[in-house]
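Here is a short briefing on one protein model. Keep the sequence and the 3D view open as you read.

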Amino acid sequence: MIKAVFFDIDGTLVSFKTHTVSWSAVDSIEALRKKGIKVFIATGRHLATINNLGTLQFDGYVTLNGSYCFAGKDQVIYTHAISEADVSSLIAYQQEQEEFSVILVQKKGMYLNYKNDRVEEVLRLLNFPEPPVCLFDRMPVKEVFQIIAFFGEHQEERIMRILPDCESTRWSPLFTDVVPAGSSKRVGIDKMIDYFGISLEETLSFGDGGNDIRMLKHTGMSVAMGNADQEVKDTARYVTSSVDEDGVFYALKHLGIL
């Protein structure tokens, strides 16, 4: 019996075309909660940048790809910051080797070193609020929970070598979410269900991106959206229709949860 459902946001609940949640998904989430099933968000976004879920209510939030987790919106139940040494190494690398745009994400804010076409495209794609620009020599190194790094896949192996205590969780060719090693949506889910007293076998997850793969492999049941890459679809136990074709609703009906 499913007692908890975890939803990614972008490309899963929220359409890249409309930047909104479909009415069928809204109705589905409200129906889940009426049945006593707890509903959670599992996202790479910072809680402050979740600006596209309307008035929907959730029981908790796994944010920053598992690095910062909340029961409700206020009770912090888990945090895992990137080491100051790795953040300092990144700043030094940018000053001495090659420069690329990054957003450093802290508890209460985020800072962008500079904006370029790649950054503008991602902000537009995600309808994401633009962070304030901060020069690298003024960038924070303490309590950074995620680095949104705008480098390509061909640069990834080289750059990640300077961040030995971090992992790349890429879900777009334009950027990757860099998180502390051992941090993922999977870890955040474990913290959440432990807090609420729910077993892993009673969980269901929905996702569409590369940063959802560990989550989809981990939960008792998993659904990939029809718009997901093949690698993500191969990971999930069920593939539904796309985010723009009522995929959440149809999956919950097919699985007999609604």
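**The largest pocket and beyond**

Strand E9 gives the most to the lining of the largest pocket, with five residues. The model is predicted.

**Largest pocket**

- The volume of the largest pocket is about 530 Å³.
- Its lining is made up of 24 residues.
- Arg170, Trp171, Gly209, Gly210 and Asp229 are the lining residues that lie nearest the centre of the largest pocket.
- Three elements each supply at least two residues of this lining: strand E9 (166-172), helix H6 (213-218) and helix H7 (230-235).
- By class, the lining of the largest pocket has eight nonpolar, nine polar and seven charged residues.

**Second largest pocket**

- The second largest pocket has about 150 Å³ of volume.
- Among the residues that line the second largest pocket are His19, Thr20, Val21, Trp23 and Val26.

**Cavities**

- How many cavities of 30 Å³ or more does a search of the whole structure find? The search finds three.
- The largest cavity holds about 190 Å³ of space.
- The largest cavity is lined by 19 residues, and Arg45, Leu126, Phe128, Trp171 and Phe175 are the closest to its centre.
- Helix H3 (117-126), strand E8 (146-149) and strand E10 (175-180) are the elements that give two or more residues to the lining of the largest cavity.
- H3 provides the largest share of that lining, three residues.
- Ten nonpolar, four polar and five charged residues make up the lining of the largest cavity.
- The second largest cavity holds about 40 Å³ of space.
- Its lining includes Thr12, Leu13, Ser22, Ser24 and Ala25. Met225, Ser242, Val243, Asp246, Gly247 and Val248 also line the second largest cavity.
- Helix H1 (23-34) and helix H8 (247-254) are the elements that give two or more residues to the lining of the second largest cavity.
- The classes in the lining of the second largest cavity are five nonpolar, five polar and one charged.

**The eight-stranded sheet**

- Eight strands make an open sheet with mixed pairing, in the order E5-E4-E3-E2-E1-E11-E12-E13.
- Why is one side of E5 and of E13 left without a neighbour in the sheet? Strand E5 (75-79) and strand E13 (238-239) stand at the edges, and each has a single partner strand, so one side of each has no neighbour there.
- Strand E1 (residues 4-7) and strand E11 (residues 203-207) run parallel, joined by four bridges.
- In this pair, phenylalanine 6 of the chain faces serine 205 in E11.
- Strands of a sheet pair through backbone hydrogen bonds, and they do so either parallel or antiparallel.

**Strand E8 and its partners**

- Strand E6 (residues 102-105) runs antiparallel to E8, with four bridges between them.
- Valine 102 stands opposite alanine 149 in E8.
- E8 also runs antiparallel to E10, and three bridges join these two.
- Isoleucine 148 has aspartate 177 in E10 as its bridge partner.
- In a regular strand, side chains alternate between the two faces of the sheet.
- Gln146 and Ile148 point one way from E8, while Ile147 and Ala149 point the other way. All of these residues are buried.

- Histidine 218 sits in helix H6.
- Is histidine 218 buried or exposed? Histidine 218 has 13% relative accessibility, so it counts as buried.
- The side chains of histidine 218 and arginine 186 are joined by a polar contact of 3.2 Å.
- Neighbours within four places in sequence aside, histidine 218 is in contact with Arg186, Asp190 and Leu200.
- Glutamate 201 lies in the loop between helix H5 (185-196) and E11.
- Glutamate 201 has a relative accessible area of 60%, so this residue is exposed.
- Leaving out neighbours within four places in sequence, glutamate 201 is in contact with Ile2 and Gly220.
- Glutamate 201 and alanine 4 are 197 residues apart in sequence, with 9.7 Å from C-alpha to C-alpha in space.

Definitions and conventions. Residues numbered from 1 in each chain as written. Predicted model: local features only at pLDDT ≥ 70, side-chain atom pairs only at ≥ 80, totals over all residues. Heavy atoms only, no water. Pairing = 2+ DSSP bridges. 1 Å grid on protein atoms, 1.4 Å probe; cavity = no way out; pocket = protein on both sides within 12 Å on 5 of 7 lines; lining within 4 Å. Points joined across faces, edges and corners; volume = space filled by probe spheres on them. Nonpolar A, V, L, I, M, F, W, Y, C, P; charged D, E, K, R; others polar. Buried < 20%, exposed > 50% of the residue type's maximum accessible area, 1.4 Å probe, protein only. Polar contact = N/O pair within 3.5 Å; in protein donor to acceptor, adjacent residues only side chain to side chain. Contact = heavy atoms within 4.5 Å.
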